[in-house]
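Subject: Structure for your review

Dear colleague,

Please find the structure below, handed over for your own work.

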Amino acid sequence: EKDVRKWKEELLDQRRRMMEEKLLHAEFKREVQLQAIVKKAQEEEAKVNEIAFINTLEAQNKRHDVLSKLKEYEQRLNELQEERQRRQEEKQARDEAVQERKRALEAERQARVEELLMKRKEQEARIEQQRQEKEKAREDAARERARDREERLAALTAAQQEAMEELQKKIQLKHDESIRRHMEQIEQRKEKAAELSSGRHANTDYAPKLTPYERKKQCSLCSVLISSEVYLFSHIKGKHQQAVRENSSIQGRELSDEEVEHLSLKKYIIDIVVESAAPAEPLKDGEERQ
């Protein structure tokens, strides 16, 4: 019984030791698991911390970059504002200088305009004075010319009247002389006609003279100029006879040589009148008409 009890006790001790070993092993295993969990948690926490640190660093870097850029932007903005302010001041100074220059130029221009207006007024006054003086001189000269013209016109009228009277006297003298010469020509024609009728030129003892006529004659039928008796005799004895016979006849018969000569001296042989002559007298009732 004691052995059984002892065996039971040993068995219980053995079971207790085994249980304790199992418990210790389980405790160790749980401790190892806990340590592994803790280690893993620590590693994860380290990773999280590292990530957080990295994120913090990146955030700090970004913030630093942003702050740097912001600072640069503010600095650039200040520089731009200062530059704009400087340019605005320079522009304002230039505008003020331009306005001042414009005011000075306007003052100079106004002064020149006033000076030109003054000179123009003085020039217009001089021109008006000269015009009045010229107008007065022109009026005086016109009155003088009118007086001279009236005097010359009166003298010219008197001279023309005198010349007209003298001309009328000359015309009357020429008219009287022309009538006298015309009457002499008629008498000469009558004498020549009488001579031809008496057969003077037919007489072989009569020789025509070469002495030129004092007044040249012309054949109105043949338009031939005759300067002496030789030319007259030659013309009447030539082609002139045929021309007279073609233009004249007596009761349908042909004219004889004596009739041709008589008719030529009476009708076709005329004196050339240089000066104006009186109208020819009509033929007398006793003269022959063809």
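Helix 4 (residues 257-268) lies across strand 1 and strand 3, and its direction runs at about 30° to strand 3. Helices (H or I, at least four residues) and strands (E, at least two) are DSSP runs numbered from the N terminus. Angles run from 0 to 180 degrees between N-to-C directions, with axes as lines fitted to C-alpha atoms, for helices over the stretch in contact. Contact means heavy atoms within 4.5 Å.

This is a predicted model, in which local features need pLDDT of at least 70 and side-chain atom pairs count only at pLDDT 80 or more, while totals for chains, interfaces and linings use all residues. Residues are numbered from 1 along each chain as its sequence is written, and side-chain values use heavy atoms, with hydrogens and water left out.

The sheet is open and consists of three strands in the order 2-1-3, with antiparallel pairing. Strand 2 (224-228) and strand 3 (269-271) stand at the edges with a single partner strand each, so one side of each has no neighbour in the sheet. From one strand to the next, the twist averages 35°. Two strands pair if DSSP finds at least two bridges between them. Strand 1 (residues 212-219) is joined to strand 2 by four antiparallel bridges, and Lys217 has Ile226 of strand 2 as its bridge partner. Helix 2 (residues 229-236) packs on the sheet, where it touches strand 1, strand 2 and strand 3, and its direction makes about 135° with that of strand 2.

The hairpin of strand 1 and strand 2 has four residues between the strands. Ser223 lies in this loop and has a positive phi of about 55° although it is not a glycine. Ser223 is exposed, with a relative accessible area of 56%; buried means under 20%, exposed over 50%, and partly exposed in between (1.4 Å probe, protein chains only).

The largest nonpolar core has twelve residues, including Tyr213, Cys219, Ile226, Val244 and Ile269. Such a core is a set of buried Ala, Val, Leu, Ile, Met, Phe, Trp, Tyr and Cys residues joined through side-chain atoms within 4.5 Å. Strand 1, helix 2 and helix 4 each supply at least two residues of this core, and helix 4 gives the most, with four residues.

Helix 3 has His240, Gln241, Ala243, Val244 and Arg245 as its buried residues, and these pack against strand 1, helix 2 and helix 4. His240 is in helix 3 (residues 240-247) and counts as buried because its relative accessibility is 1%. Not counting residues up to four places away in sequence, His240 touches Cys219, Leu221, Cys222, His235, Ser264 and Tyr268.

Two of these contacts of His240 are cysteines, Cys219 and Cys222. With a disulfide taken as a pair of cysteine sulfur atoms within 2.5 Å, the count comes to zero. The sulfur of Cys219 has that of Cys222 as its closest cysteine sulfur, at 3.9 Å, which is too far for a bond. Cys222 is likewise in no disulfide. Cys219 counts as buried, at 0% relative accessibility, whereas Cys222 counts as partly exposed, at 28%.

Yours sincerely
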